[in-house]
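The sequence and the structure are shown below.

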Amino acid sequence: MNPLFGLGQALMLALDPERAHTLTIKSLEMGVYPRCVAPDDARLRQTLCGLDFPNPIGIAPGFDKNARVVTALFNMGFGFVEVGTLTPRPQSGNPCPRVFRSVEDHAVVNRLGFNNEGQAAALERLQQSAPGIIGINLGANRNSDDKIADYVTGVTRMAPVASYLTVNISSPNTPGLRDLQAPKELATLLTKVEKARATLPGHKPPLFVKLAPDLADADLPEIVGIIQGSGADGIIVSNTTLARDGLTDESLIAEQGGLSGRPLFDRSTRMLARVYKLTAGTMPLIGVGGIDSAATALAKIEAGASLIQMYTGLIFEGPDLIGRIKRRLVQAVSDAHANTLSPLIGRRAEEWAQKSL
């Protein structure tokens, strides 16, 4: 890592987390960031849902909520960028302070509450510049009288600039949102979303559904079955958790909100493997949660992920993490005497699915 960027990262960790994030976005807008100049190894390339991913590493939503720095993120080496969460109308989110981190645990708790400038602002930016695969993470406004209608609005409005769309019903910070994961509500939601997607006049982007890691094991087969039967194209596992497994920082344990980072890794990877087994590997899965090293990135793929996303890991490890992961994945492909990631995907799913929490 460039020593200057290492120093900048240390300074950011000394600031209030939300203030540090704001300054990071500004620095990316100003062009102050490390660039990946080497082309991606062809062995990392995949075509999924009709989309050609140059590498499997994406930036998770929550980082670039308002689609302000997508070009910079691609220049840093990401294979795809998911922006949002975007709601139909702008909203300020929950009161501050609302983001808390622990360097000791490599973890963050947030209760942001879908703070964003609204879909119209992001739409205008993405119409001007979208230099790669862009995912649009869709949410519902906190004060909405019809949350399902908000998702339909998002599909209709954002489809023209979306490489794929994500239905985010798994954030713990919007009251009632996770209720949409219940089988009956989920079926209704996806039926209406699929109807909206089917009637789009032009581009019909693939649809992913993002799940919470706190779903009961017994409920997972029915939920996955509904997603499979709905016409959705893939599943993202997972969002943040309300559990506090693995945390040692007492101040973080006491904070309300969703936990991300290293303590989420086992819970989210176990669930990922179980979803992979339930789908028999027939749906692309995006693995998210606790990736902060090349080893954890590879583990996600071995548990069943075709693609991975990270955010919290970058806070503590810095942008050099992107290159480290790429090099480890290329080595793993080489060790498997393969030319693609395919033989690695899900090869340890059974082992991960059997893990206890």
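Among contacts in the protein chain between residues at least 6 apart in sequence, 73% join residues at least 24 apart. The model is predicted, and its protein chain contains 13 helices and 13 strands.

The radius of gyration of the protein chain is 19 Å; a compact globule with 357 residues would have a value near 21 Å, so the two agree. The C-alpha trace spans about 50 × 45 × 45 Å along its principal axes. Of the 357 residues in the protein chain, 58% are buried, that is, under 20% relative accessible area. The accessible surface of the protein chain amounts to about 14,300 Å², and carbon and sulfur atoms account for 54% of that surface.

One of the sheets is open and consists of three strands in the order S5-S6-S11, with antiparallel pairing. Strands S5 and S11 stand at the edges; each has a single partner strand, and therefore one side of each lacks a neighbour in the sheet. From one strand to the next, the twist averages 20°. The residue ranges of the strands are as follows.

| Strand | Residues |
|---|---|
| S5 | 99–102 |
| S6 | 107–110 |
| S11 | 258–261 |

How many bridges join S5 and S6? Their antiparallel pairing extends over four bridges. Within this pair of strands, phenylalanine 100 stands opposite valine 109 in S6.

How values were computed. Residues numbered from 1 in each chain as written. Predicted model: local features only at pLDDT ≥ 70, side-chain atom pairs only at ≥ 80, totals over all residues. Heavy atoms only, no water. Pairing = 2+ DSSP bridges. Helix = DSSP H or I, 4+ residues; strand = E, 2+ residues; numbered from the N terminus. Axes fitted to C-alpha atoms, helices over the stretch in contact; angles between N-to-C directions. Rg over C-alpha atoms; globule rule 2.2 N^0.38 Å. Buried < 20%, exposed > 50% of the residue type's maximum accessible area, 1.4 Å probe, protein only. Contact = heavy atoms within 4.5 Å. Areas by Shrake-Rupley, 256 points an atom, 1.4 Å probe, with all protein chains shown as cover.
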